Amino acid sequence: MRILIAEDDADTAGFVERGLGELGHNVTVVDKGTDALHLALAEAFDLLIFDRMLPGLDGLSVVRRLRTADVAAPVLLLTALGKIEDRVEGLDAGADDYLVKPFAFSELAARVNALSRRPPPQTTVTRLFAVGIEMNLLSREVRRDGKIIPLQPREFQLLEELLRHAGEFVTRTMLLERVWDFHFDPQTKIVETHISRLRSKLNEGGLPDPIETVRGVGYRIPAE
Amino acid sequence: MRTIVRSAAYRMAFAVSLAFALATLLLGIAIYYAAHAAFAREMDAGIQQATSGLMPDYRDDGIDGLKEAMAQREGRGTDSLEYALFQPDGRRVAGSLDTPMPETGWRMISFLDPVEGPDPARALITRLPDSYRLVVAADLEPLEQIDRTILGLFGIAFAVLLLIGLFGALVFGGYLRRRLARIEDTANGIIAGDLSRRMTIGPRRDEFDRVASSLNIMLDRIASLIANLRQVTSDLAHDLRTPLARLRNQLETLQGQVQSGQQRESVDEAVERADEVLHLFDAILRISELDEGSLRRRFAPVDLCKLVRELGETHAPLAEDAGKTLDVQAEGECLVEGDRELIAQALINLIENALRHTPAGTKILIGARGEFGRVVAFVRDNGPGIPENERERVLERFVRLEEARSTPGHGLGLSLVRAIADAHEARISMSGADGFEIALHFPASVAA
């Protein structure tokens, strides 16, 4: 995947470039907003990662101009400011996701993955499958090996999120954002507790655990 | 009445007017005595003069000459004096003064007035050589009348002064109180947390205005110091985040290289420690962002009842895992103007406190309800609660109660709750006879 990074802090830029390079991505790094704008207009990238504060032209303005110029590549904004207003502004400007520095590389990697595989918005999925689990989004029914598993609404949403991204890691932060609509870290074990409930319902009767946990990274259900 | 008694302004005004009235009274008494004495002296002089005037008649023509002169004077009525002449045996032989024979010298006597009856008089009794006694007396009535007039005048003046003084004291005291009350009012507003309040300064630039102006300058200075402190705190948190983030990134890179064993555990722990500090900085930054007040622009109607139901559903399993129960009491819809996530964060902090600082078996109840133009969200438990004298203090930054030191946390949880409540103009109340309840009282959304 071709990724453009615009980041003026050499340390962060290096850290991200190295990490994404190791994952096999083709990474270009610039440190000025104007360079980012020109490059993104001239060449086709699969993903743009911009720092919000850039010398020359700030990240937010670059995103706005790219969107006006019909550049549709997904944009991930990075910011050193954890302000609530910044996130809203960033998303309003046309960014697709938003990450507050400092972040764990695994968090960035998970989001890069999710952004690059974002399905076209017009396709509507009504059923999700993975490792013997079947989820019907219309009847809100979940079966494992044909047997109905009754789930609480949150557990259903958690499983849906994992199934939609089967094969990828979904981080704790992403689950908080998508299942609870919390863009802050409540510093409680709500994700862990609800995953554990979901797990024990799915595994009832001694079935193998379909949810893989990697400490400090997130959760994953393997794709078929 | 009690406020008047307890007000220094009224007391001062009353004291001044009372002193003024007393001074008038003293002056009245002094004038009374001075006038009385002067008039009495004049009266004595008149008597003396009349007595001396009769002496040549007696010397030249004896008793008969005296009788004639007395009759002449009484008949003329030129003075207001009364006369009497007594024989040595005490019988009155001349003059119209109807009185028994008095001793010689200056005397106060009583005589029988043909119109008014017994009347006091001032008299000079002179012993003549052949044991006759001559009495020249002046009725005291005019003197008493002057005394009465002076006393009456000053009595009225005293009463009028007292009345004017009372009225003046009420007006003056009320004025002082009003001026001071305005300053007090502003000070109370500031104590209640509105640091932007300032004293009003009148156009006269009197001493009250000067005090108010000095207080305003002082308040400006305090406000700028507080703002400075906040700025430094948030700048510090902000500036420390970058190097800390780098440290965390390096540790994470290291995490990828060390696969297992004790080293890996140490690295994992180091990453967690770094995250804890970063979270602390996040909380500081969030509080200073809330203090700025700019978030209000993004406020929208939030259904607090629904939010409480969601949080209840989300946290019930956590309570269960901790051996506690969590029930929800929030029906229907109750709208407040605010930021859903901030309110959620405040309520989660309160729920987390109830989960963290109570023994197993504790029953926790969270709820929300709309009432009288307000929406109240509360977290109640039957645990040990917060001691009454500590309740205000726990809302301060970095305060942790002795009992809570053993549990994890940085002491910013409740101050974040307070900052969020302040941003929403919500009041925090803590109560609890058996158990503990902390509640946030939001003004209801006008959209509701």
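This note goes through helix packing, the chain interface and salt bridges in a predicted model.

1. Helices α6 and α7 of chain A. Helix α6(A) covers residues 153-164 and helix α7(A) covers residues 172-180. Their axes come within 10 Å and cross at roughly 125°. The crossing of α6(A) past α7(A) is right-handed.

2. Residues in that contact. On the α6(A) side the contact is made by Arg154(A), Gln157(A), Leu158(A) and Glu161(A). On the α7(A) side stand Leu175(A), Arg178(A), Val179(A) and Trp180(A). Sorted by class, the contact of α6(A) with α7(A) has four nonpolar, one polar and three charged residues.

3. The interface between the chains. In chain B, 37 residues are in contact with 35 residues of chain A. About 3,200 Å² is buried between chain B and chain A, and carbon and sulfur atoms give 49% of that area. Arg298(B), Thr314(B) and Glu341(B) supply 17% of the area that chain B buries against chain A, more than any other three residues.

4. Salt bridges across the interface. Between chain B and chain A the count is seven salt bridges. Arg154(A) forms a salt bridge with Glu313(B), and the closest N and O atoms of the pair are 3.7 Å apart. Arg154(A) also takes part in the contact of α6(A) with α7(A).

5. Helices α6 and α7 of chain B. Helix α6(B) is residues 304-321 and helix α7(B) is residues 340-356. The two axes come within 11 Å and cross at roughly 35°, and α6(B) passes α7(B) in a right-handed crossing. From α6(B), the residues that meet α7(B) are Leu304(B), Leu307(B), Val308(B), Glu310(B), Leu311(B), His315(B), Leu318(B) and Ala319(B). From α7(B), they are Arg340(B), Ile343(B), Ala344(B), Leu347(B), Ile348(B), Ile351(B) and Leu355(B). The contact of α6(B) with α7(B) divides into twelve nonpolar, one polar and two charged residues.

6. Helices α7 and α8 of chain B. Helix α7(B) also packs against helix α8(B), residues 413-423, at an angle of about 145°, with the axes 9 Å apart. This crossing of α7(B) and α8(B) is left-handed. The α7(B) residues in the contact are Leu342(B), Ile343(B), Gln345(B), Ala346(B), Asn349(B), Leu350(B) and Asn353(B). Those of α8(B) are Gly413(B), Leu414(B), Leu416(B), Val417(B) and Ile420(B). By class, the contact of α7(B) with α8(B) has eight nonpolar, four polar and no charged residues. Ile343(B) belongs to this contact and to the contact of α7(B) with α6(B).

7. Salt bridges over all chains. The count comes to 44 salt bridges over all chains. Among them is the pair of Arg122(B) and Asp44(B), whose closest N and O atoms are 2.8 Å apart. This pair links distant parts of the chain: Arg122(B) lies in strand β4 (residues 117-127) of chain B and Asp44(B) in helix α2 (residues 8-76) of chain B, 78 residues apart.

Definitions and conventions
Residues numbered from 1 in each chain as written. Chains lettered and ligands numbered in written order. Predicted model: local features only at pLDDT ≥ 70, side-chain atom pairs only at ≥ 80, totals over all residues. Heavy atoms only, no water. Axes fitted to C-alpha atoms, helices over the stretch in contact; angles between N-to-C directions. Helix = DSSP H or I, 4+ residues; strand = E, 2+ residues; numbered from the N terminus. Left-handed = near helix turned anticlockwise from the far one by under 90°. Contact = heavy atoms within 4.5 Å. Nonpolar A, V, L, I, M, F, W, Y, C, P; charged D, E, K, R; others polar. Buried area = accessible area lost by both parts, 1.4 Å probe. Salt bridge = Lys/Arg side-chain N within 4 Å of Asp/Glu carboxyl O.
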